[in-house]
Amino acid sequence: MRFLSYVKSRVISGFGRGSRELGCPTANIADIDKLDIPTGIYCGLGQVIIRQQSEIQEQPGQHESYVEVVEQLPYDSGVIGWVGSHGFNPHYGNKEKSLEVHLLNNFKFDFYGAEIRVLICKKMRDEEKYDSLDELKKAIENDIQMAKSQVIEFSHLAEDVRYFQQNITSKSESS
Ligand code: RBF
Ligand code: MG
């Protein structure tokens, strides 16, 4: 199956609502002006590459996973599934369009400034404005479960050098 679009960019800081309010941290993607797909909730494959220590920020209670990454710079997440939104977050009424991805491997640190490669594979639904925060959270939980099975259809693209860099991390040499 053909994917929809591809973005290679950087992670920027968002509103911070993902982790705090929704229990679903998202990486916000810079420079999406040229992205020509409709708004909606999508799933796909992604890769985060952290080359310098300044591209990872230690968070309270995350010391061990932070150190683990810093010790193996350049760090490559490998190609992992994501689910996320493209649009205006109608539940919050954002003024500007954003692309944010929740990585399905549960990253435990922030990585503002890191390189991110995002293959947008499939639209799952439209963005909705819910009656309560709880309903939005339930919808997101459901999206996460659905995405886990849907991205498998695209897993062959993980090895495609046009979209993802192969074997960056020092960890891949030793294993
Ligand atoms: N925002 C909305 O306003 N409506 C949605 O239906 C919606 N669905 C989402 C589904 C997923 C899987 C994710 C990761 C985010 C979704 N969001 C949605 C975006 C959410 O509001 C945003 O990530 C946070 O507000 C942080 O910017
Ligand atoms: Mg975010």
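**Close-up views of a predicted model**

View 1. Let's start with Asn-94, which is tucked away from the surface: its relative accessible area is 11%, so it counts as buried. Before going on, keep in mind that this is a predicted model. Asn-94 belongs to the loop between strand 5 and strand 6. Which residue does the side chain of Asn-94 touch through a polar contact of 3.2 Å? The partner is the side chain of Asn-89. Asn-89 lies in the loop between strand 5 (80-87) and strand 6 (98-103), and it is buried as well, with a relative accessible area of 11%.

**View 2. The backbone at Asn-89.** Stay with Asn-89 for a moment, but look at its backbone instead of its side chain. The phi angle here is positive, about 45°, even though Asn-89 is not a glycine. Why point that out? Because most residues other than glycine have a negative phi.

**View 3. A positive phi at Asp-31.** Here is another spot to check on the backbone: Asp-31 has phi near 55°, which is a positive value in a residue other than glycine. You'll find Asp-31 in the loop between strand 2 (27-29) and strand 3 (40-50). Is Asp-31 buried or exposed? With 67% relative accessibility, Asp-31 is exposed, because the cut-off for that word is over 50%. Asn-89, by contrast, is buried at 11%.

View 4. Zoom in on the peptide bond that runs from Leu-73 to Pro-74: it is cis, and its omega is near -5°. It's worth a look because most peptide bonds are trans.

View 5. Thr-26 is partly exposed, with a relative accessible area of 28%, whereas Asn-28 is buried, at 9%. Asn-28 is part of strand 2. The side chains of Asn-28 and Thr-26 have a link of their own, too: a polar contact of 3.4 Å joins them.

**View 6. Who surrounds ligand 1.** Now for ligand 1, which has 21 residues around it. Which of them come closest? They are Arg-17, His-91, Glu-100, Arg-125 and Glu-128. As for where the shell comes from, helix 1 (17-22), strand 5 and helix 3 (133-150) each provide at least two of its residues. The space that ligand 1 takes up is the largest pocket.

**View 7. Polar atoms around ligand 1.** The side chain of Arg-17 has an N or O atom 2.9 Å from an oxygen atom of ligand 1. At Pro-90 the backbone takes part: one of its N or O atoms lies 3.1 Å from an oxygen atom of the ligand. Glu-128 uses its backbone as well, with a polar atom 2.7 Å from a nitrogen atom of ligand 1. How much of ligand 1 does the protein bury? On its own the ligand exposes 540 Å², and the protein buries 99% of that.

**View 8. Gly-18 and Glu-100.** Gly-18 is a residue of helix 1, and it is buried, at 15% relative accessibility. Gly-18 and Glu-100 are 82 residues apart along the chain, and their C-alpha atoms are separated by 9.6 Å.

**View 9. Buried valines in the strands.** To finish, find Val-48 in strand 3 and Val-101 in strand 6. Val-48 has 0% relative accessibility and so counts as buried; Val-101 is buried too, at 1%. Each can be paired with a residue from elsewhere in the chain. For Val-48, take Ile-116: they are 68 residues apart along the chain, with 4.6 Å between their C-alpha atoms. For Val-101, take Ser-85: here the distance along the chain is 16 residues, and the C-alpha atoms are separated by 6.7 Å.

Methods. Residues are numbered from 1 along each chain as its sequence is written. Chains are lettered from A and ligands numbered from 1 in the order in which they are written. This is a predicted model: local features need pLDDT of at least 70, side-chain atom pairs count only at pLDDT 80 or more; totals for chains, interfaces and linings use all residues. Side-chain values use heavy atoms; hydrogens and water are left out. Buried means under 20% relative accessible area, exposed over 50%, partly exposed in between (1.4 Å probe, protein chains only). Helices (H or I, at least four residues) and strands (E, at least two) are DSSP runs, numbered from the N terminus. A residue is near a molecule or strand if one of its heavy atoms lies within 4 Å of it. A polar contact is a pair of N or O atoms within 3.5 Å; within protein, one must be able to donate a hydrogen and the other to accept it, and residues adjacent in sequence count only if both atoms are side-chain atoms. Accessible areas come from the Shrake-Rupley method with a 1.4 Å probe; for residues, only the protein chains shown count as cover. On a 1 Å grid over the protein atoms alone, a cavity is a set of points where a 1.4 Å probe fits but cannot get out, and a pocket is an open set with protein on both sides within 12 Å along at least five of seven lines; lining residues have an atom within 4 Å of a point. A molecule sits in a cavity or pocket if more than half of its atoms lie within 2 Å of its grid points.
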